[in-house]
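Please keep the structure open as you read.

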Amino acid sequence: MVKSREGKTRDGQPMSYNRSPAADLVPWLARFHVSSMSMPDGHVLSCGLLNEAATVRIFLSGEWTVHTADGPALLRNGAFYFGPNSRHMPVTVSGSFVSVGFALRPGTGTALKLPHVGDYVDRVVPTDVLNAPSADFVAAIDPAAPPEQWLQGIEEVTRRQVKDRGGGRPDPVTAAFEAISFSNPGLSIKEAAAGCGVDRRKLERVISRDFGMPPKQVLRRARALDMASYLRGVADAAEGEEMALRYYDESHLIHEFTNLFGISPRQFIARPQPILTLSLEARQARRLEMLNRLTPGGIRPWE
């Protein structure tokens, strides 16, 4: 069993308990997490999210306000489907919170004949749109049990759902492009298409279908997420120079980063980002595992 990592990095950044899904669910699911934070009564935490993958989040406590493409959404206990983000999504949370959930791999919606992911970019809706009632997820969580047992319960729910939806697998082109977004998001689209074994036109079509946005936008977002992780201290520090070299110069970095996060890198460093940092840390752990630079359950570079 993987040891819980809920706590802080050596630099004081918050960490969730996050891990890879069970082996039989890896084709469809990316990462599981349990995040919690204790806050004084009445305290309101302002932060945000920028997720590249569609995510199911089950809120066990806390009152969340998420500023979506449809306007502000007030979320309390229950399960919700967060579409991928095209840019930073402001979030506020009132009171202490516990959030449990998982990220879907790109192409899962297409493979399992779910609604088109592009229709949910920057949106949040109940999980019913996935033919997955909120009550099923909530019922899988025993509040008295440890976090690992919560995740195993959710895995069982998703396992049944995958079977009920036919168990189709995501497009290999989508999986190959996802790997490129982790290993070398500085590639041109022409180079990425060659790496996926298809022409540019097919890559554009498949990635727009399975990621909900064009491949160029996906890679730009991946570069910014890597840089944001480095700036928050939840990336391998040895990669910092390599991440910076993905940009032509400092003005290019500032422009792209500000476009996605709404603030400059310098402002990003100065401003606490606890909820976003939890998400970034889980993403970097998965990224290093996919690149075979970290074994599941191994010590992460930022610990």
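1. The lining of the second largest cavity has 11 nonpolar, 3 polar and 1 charged residues. Here Ala, Val, Leu, Ile, Met, Phe, Trp, Tyr, Cys and Pro count as nonpolar, Asp, Glu, Lys and Arg as charged, and the others, Gly among them, as polar. A cavity is a set of points on a 1 Å grid over the protein atoms alone where a 1.4 Å probe fits but cannot get out; lining residues have an atom within 4 Å of a point. This is a predicted model: local features need pLDDT of at least 70, side-chain atom pairs count only at pLDDT 80 or more, and totals for chains, interfaces and linings use all residues. Residues are numbered from 1 along each chain as its sequence is written, and side-chain values use heavy atoms, with hydrogens and water left out.

2. The second largest cavity holds about 160 Å³ of space. A volume is the space filled by probe spheres set on the points, which are joined across faces, edges and corners. Of its 15 lining residues, Phe-102, Leu-104, Leu-112, Leu-114 and Gln-161 lie nearest the centre. Helix H3 (147-164) gives two or more residues to this lining, as does E9. The largest share, 3 residues, comes from H3. Helices (H or I, at least four residues) and strands (E, at least two) are DSSP runs, numbered from the N terminus.

3. How many cavities of 30 Å³ or more does the structure hold? There are 2. The largest cavity has a volume of about 460 Å³. It is lined by 32 residues, and Asn-51, Thr-55, Ala-103, Ser-279 and Arg-283 are the closest to its centre. H11 gives the most to this lining, with 7 residues. By class, the lining has 17 nonpolar, 8 polar and 7 charged residues.

4. Look next at Gln-284, in helix H11 (residues 274-290). Is Gln-284 buried or exposed? Gln-284 counts as buried because its relative accessibility is 0%; buried means under 20% relative accessible area, with a 1.4 Å probe and protein chains only. Beyond its neighbours within four places in sequence, Gln-284 is in contact (heavy atoms within 4.5 Å) with residues including Leu-225, Asp-226 and Trp-302.

5. Now the largest pocket. Its volume is about 260 Å³. A pocket is an open set of grid points with protein on both sides within 12 Å along at least five of seven lines. H7 gives the most to its lining, with 4 residues. That lining divides into 5 nonpolar, 3 polar and 7 charged residues.

How values were computed:
Buried < 20%, exposed > 50% of the residue type's maximum accessible area, 1.4 Å probe, protein only.
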